[in-house]
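Here are my notes for your review. Please read them with the structure open.

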Amino acid sequence: MKGLTITLLVLIFLGLVVGGIFYFSNNLINSCELEEVQGTPVSISQAQSFALFRVTENNKPYTWIPLGYLQSNDINGEKNYYVFIFVKDGFNLNTLDKLKSNILTAQSEEDKYQFNDVATIVVSAIKEEKQLIRHFRGLPEYFVEEDNIESLLTKNGEERGNLILDNQGTTAYFEILSNSKNTGNLIRVSDKKIISSKDLIDFKEASEQRRLSAMSSTECEQYKIALQEASQAHIAEWNKFS
């Protein structure tokens, strides 16, 4: 009886070992790795053509006049979005400089942001991504707060660098420069908090890795196919605009 018990224990132990090896090897095999794809840039003329179409469609019956655009990068420093600013035809603040000057003397949020007469369209700068990222009435906060951030950084002997927008265009940062060199830090527009670029990159990569590692081999392949199909569909949509 004692010998039988020992044999059973050994078999259970071996089963656990084999199961563990199978589990971990299977997880490694199923680790979903995506190939890095070089995106196709969207030209300024294409981007503005689409942005004008979208602002007109979404804000009828008004005629909208483009005043210019801002360019943003992602956290890795790659160009990701164009931010187009439009005003209604006939609106007196009809240049970006006039809008900037108005911000300095505005007495209310409505006066600063001009929700009634201004519209902002954020579009992708890469053809493989969806065209419309964000659309809203009024000026973007990072345009309104640009001079305040510049003044804040100047007090510390620093400068404002490139605009950084997250992957939905909802959270905005500016690079912090010192002697025209990147310090590796960002200032978040909404609350003026200083944040490390590396911390944001590490967090983004870790989140993506957790998401991909949870996929089975089948799910991974399906996901890759879906990404490829979506990219081709986005390119086809972009090619409708010149």
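1. Which residues does a disulfide join? The two are Cys32 and Cys220, with an S to S distance of 2.1 Å. The model is predicted, so read that distance as a property of the model. The structure holds 1 disulfide.

2. The link of Cys32 and Cys220 is right-handed, with 75° about the S-S bond.

3. The cut-off is under 20% relative accessible area.

4. Next, a glutamine. Gln46 is part of helix H2, which covers residues 44-58. Its relative accessibility is 9%, so Gln46 counts as buried. The Gln46 side chain reaches the backbone oxygen of Trp238 at 3.2 Å. Leaving aside neighbours within four places in sequence, Gln46 is in contact with Lys127, Trp238, Asn239, Phe241 and Ser242.

5. Last, a serine. Ser207 lies in helix H7, residues 197-213. At 25% relative accessibility, Ser207 counts as partly exposed, because that class runs between the 20% and 50% limits. Where does its side chain find a backbone oxygen? A polar atom of the Ser207 side chain lies 2.9 Å from the backbone oxygen of Phe203.

Notes:
Residues are numbered from 1 along each chain as its sequence is written. This is a predicted model: local features need pLDDT of at least 70, side-chain atom pairs count only at pLDDT 80 or more; totals for chains, interfaces and linings use all residues. Side-chain values use heavy atoms; hydrogens and water are left out. Helices (H or I, at least four residues) and strands (E, at least two) are DSSP runs, numbered from the N terminus. Buried means under 20% relative accessible area, exposed over 50%, partly exposed in between (1.4 Å probe, protein chains only). A polar contact is a pair of N or O atoms within 3.5 Å; within protein, one must be able to donate a hydrogen and the other to accept it, and residues adjacent in sequence count only if both atoms are side-chain atoms. Contact means heavy atoms within 4.5 Å. A disulfide is a pair of cysteine sulfur atoms within 2.5 Å.
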